[in-house]
Amino acid sequence: MNKLQRFFLIFAVFGAMLCLRPDHTLANESEKLPTARVRADISSQELSDRILTAYNKINDLSVETHLDFKLIKQGLDFDATGEYLYKQPDKTTLVLHSFMASRVATEEAAIKATNILAALRKNITNEYNAGPVTETTLDGQRCYTVELTPKTKENLSKIVIWIDADKYTMPQVMMQYLDGSNLTQRKEYELLNDVYVVREMDTDYVSPKNELQLHATFGKYLINRGIPDSTFENQTPSNLISPF
């Protein structure tokens, strides 16, 4: 093998290594090349108003859900089925049908980390300082991104949200905490009754003490059927999942 051939062989091997994740699996296109962001021609307040308008179409809903939990450091891996119910402005409950479901409630740090996600659609500018809105793409879809920092002192350091520029859904949220914890949540949506609801949701939460992986699927939505307030009496509010 001459010098020129050796050079191209080394170059090819090096190029292939750049496309590998640390676990030696092939990276996808979005991981290989960072997506450029440009300043968007919309303010954070306008964006917040459009998100709220999109979701105000939902007065109430119920949906069947299947949850797969993995509490890595505790060595727990189990699933549960249940029903999530919501009614404006802030009534929620999640009824899980599994004897292991109660185990999740003991993992307070991991559960509380997800609670803020369901309220983001209402509180982008009310409870957070919002940075400039930028445009980018996520899985080929044009999105807005905005970085939020809390106005009050709390463990949360910042939130970065991706908002679909056409549907005003939130396909991805990333959260960072002062204690070094990180949370990423991704959602896939479908159009139902003129509103976009979640079909699948993945949440990854890593902290010094906890590591939670949650995969949720949703089906059999009932939207704006007039759920009575009494349904939520004596029920524990839950924002562990948010199907919209």
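Select Lys87 to begin: beyond its neighbours within four places in sequence, Lys87 is in contact with Asn59, Asp60, Ile227, Pro228, Asp229 and Phe232 (contact means heavy atoms within 4.5 Å). This is a predicted model, in which local features need pLDDT of at least 70 and side-chain atom pairs count only at pLDDT 80 or more, while totals for chains, interfaces and linings use all residues. Residues are numbered from 1 along each chain as its sequence is written, and side-chain values use heavy atoms, with hydrogens and water left out.

Lys87 belongs to strand S3 (residues 76-87); strands are DSSP runs of E, at least two residues, numbered from the N terminus. Display its side chain: it reaches the backbone oxygen of Ile227 at 2.8 Å. The Lys87 side chain also makes a polar contact with the side chain of Asp229 (2.8 Å). A polar contact is a pair of N or O atoms within 3.5 Å; within protein, one must be able to donate a hydrogen and the other to accept it, and residues adjacent in sequence count only if both atoms are side-chain atoms.

Next, select Gln88 and Pro89, whose linking peptide bond is cis, with omega near 0°. Pro89 is placed in the loop between S3 and strand S4 (91-96).

Move on to Asp194, in the loop between strand S10 (182-192) and strand S11 (195-206). Its phi is near 65°, a positive value in a residue other than glycine. Asp194 is exposed (over 50% relative accessible area), at 54%.

Finish at Lys220 in strand S12, not a glycine, yet with a positive phi of about 60°. Lys220 is exposed, with a relative accessible area of 65%.

Methods: Helices (H or I, at least four residues) and strands (E, at least two) are DSSP runs, numbered from the N terminus. Buried means under 20% relative accessible area, exposed over 50%, partly exposed in between (1.4 Å probe, protein chains only).
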